Amino acid sequence: MKRAIYPGSFDPITFGHLDVIERSLRIADEVIVGVLNNNSKNPLFTSEERVKMIEEATSHLKNVKVVAFEGLLVDFVKQMNANHVVRGLRAVTDFEYELQMSQLNNALDEDIDTVFLTTRLEYAYLSSSITKEIAMMGGDIRKFVPACVVDKVYDKYQRREKNEQN
């Protein structure tokens with residue numbers, strides 16, 4: 001069985017992420033979405049919240065599993081008994097960083113290969129950061145994230161705003 005890991009922060013999951021997950025199922029029998037719990041970042045959502053959102057957004061897909069992880073990606077890949085890492089590329093700048101990470105992961109474990117999927121043009125501009133910025137300013141994010149995510153993002157900013165006022 002070909003098992004691939006699609007790692008990322010997914011804070012929140014976007015249609016671009018969802019597209020990569022769906023397309024990954026064409027090359028792998030099972031895709032594990034690895035939700036990175038990175039303490040050096042200040043995510044909007046906890047890793048548990050991100051896992052639940054991704055599970056809801058991918059509920060129509062068979063053979064997709066969502067798991068939070070910490071630490072090195074190569075360790076997570078081994079733990080999940082996978083042999084491929086999938087990464088989405090939006091632009092040349094993504095490629096430079098992702099190529100370096102791919103080579104580093106392969107240096108740490110030569111059994112791990114990375115597969116790059118270029119983003120569909122309709123999602124080439126899209127990122128979680130941009131989506132959060134638009135939501136924070138009260139803009140409409142329905143074109144960028146699955147319906148099950150929209151209200152969760154707005155709710156987070158409203159709660160944050162209320163907490164800052166108190």
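Trainee: Which residues are exposed on the other side of α2?
Mentor: Glu 48 and Lys 52 are exposed there. Please keep in mind that this is a predicted model.

Trainee: And which residues of that helix are buried?
Mentor: Helix α2 covers residues 47–57, and its buried residues are Ser 47, Arg 50, Val 51, Met 53, Ile 54 and Ala 57. Seen down the axis of α2, these buried residues fall within an arc of 165°, so they line one face of the helix.

Trainee: Take Ser 47, then. What is its relative accessible area?
Mentor: The value for Ser 47 is 7%. Buried means under 20%, so Ser 47 falls in that class.

Trainee: What is Ser 47 in contact with, leaving aside its neighbours within four places in sequence?
Mentor: With those neighbours set aside, Ser 47 is in contact with Val 35, Asn 37 and Ala 68.

Trainee: Let me step back to the whole chain. How many helices and strands does it have?
Mentor: The protein chain has 6 helices and 5 strands. Along the sequence, they follow the pattern β-α-β-α-β-α-β-α-β-α-α.

Trainee: What does the radius of gyration say about its overall form?
Mentor: For 166 residues, a compact globule would have a radius of gyration near 15 Å, and the protein chain has 16 Å, which agrees. Along the principal axes, the C-alpha atoms fill a box of roughly 50 × 30 × 30 Å.

Trainee: How much of the chain is buried?
Mentor: Of the 166 residues, 46% count as buried. The accessible surface comes to about 9600 Å², and carbon and sulfur atoms account for 48% of that surface.

Trainee: What share of the contacts joins residues 24 or more positions apart?
Mentor: Among contacts with a separation of 6 or more, such pairs account for 75%.

Trainee: What about charge? How many positive and negative side chains are there?
Mentor: There are 21 positive and 25 negative side chains, and the centres of the two sets lie 4 Å apart.

Trainee: A new topic: the backbone. Which peptide bond is cis?
Mentor: The bond from Asp 11 to Pro 12 is cis, with omega near 5°. Pro 12 is found in the loop between β1 (3–8) and α1 (15–24).

Trainee: Which residues have a positive phi without being glycine?
Mentor: Asn 63 is one of them, with phi near 65°, and Asn 81 is another, with phi of about 60°.

Trainee: Where do those two lie?
Mentor: Asn 63 is in the loop between α2 and β3 (64–69), while Asn 81 is in the loop between α3 (73–79) and β4 (84–89).

Trainee: Are they exposed or buried?
Mentor: Asn 63 is partly exposed, with a relative accessible area of 48%. Asn 81 counts as exposed, at 62% relative accessibility.

Trainee: Last one: where is Arg 87, and is it buried or exposed?
Mentor: Arg 87 lies in strand β4. At 19% relative accessibility, Arg 87 counts as buried.

Trainee: Which residues does Arg 87 contact, apart from neighbours within four places?
Mentor: Its contacts include Tyr 6, Pro 7, Gly 8, Glu 98 and Phe 116. The C-alpha atoms of Arg 87 and Met 101 are separated by 10 Å, and these residues are 14 apart along the chain.

Conventions: Residues numbered from 1 in each chain as written. Predicted model: local features only at pLDDT ≥ 70, side-chain atom pairs only at ≥ 80, totals over all residues. Heavy atoms only, no water. Helix = DSSP H or I, 4+ residues; strand = E, 2+ residues; numbered from the N terminus. Rg over C-alpha atoms; globule rule 2.2 N^0.38 Å. Buried < 20%, exposed > 50% of the residue type's maximum accessible area, 1.4 Å probe, protein only. Contact = heavy atoms within 4.5 Å. Areas by Shrake-Rupley, 256 points an atom, 1.4 Å probe, with all protein chains shown as cover. Lys, Arg positive; Asp, Glu negative; His and termini not counted. Charge placed at Lys NZ, Arg CZ, Asp CG, Glu CD. Arc of directions from axis to C-beta.
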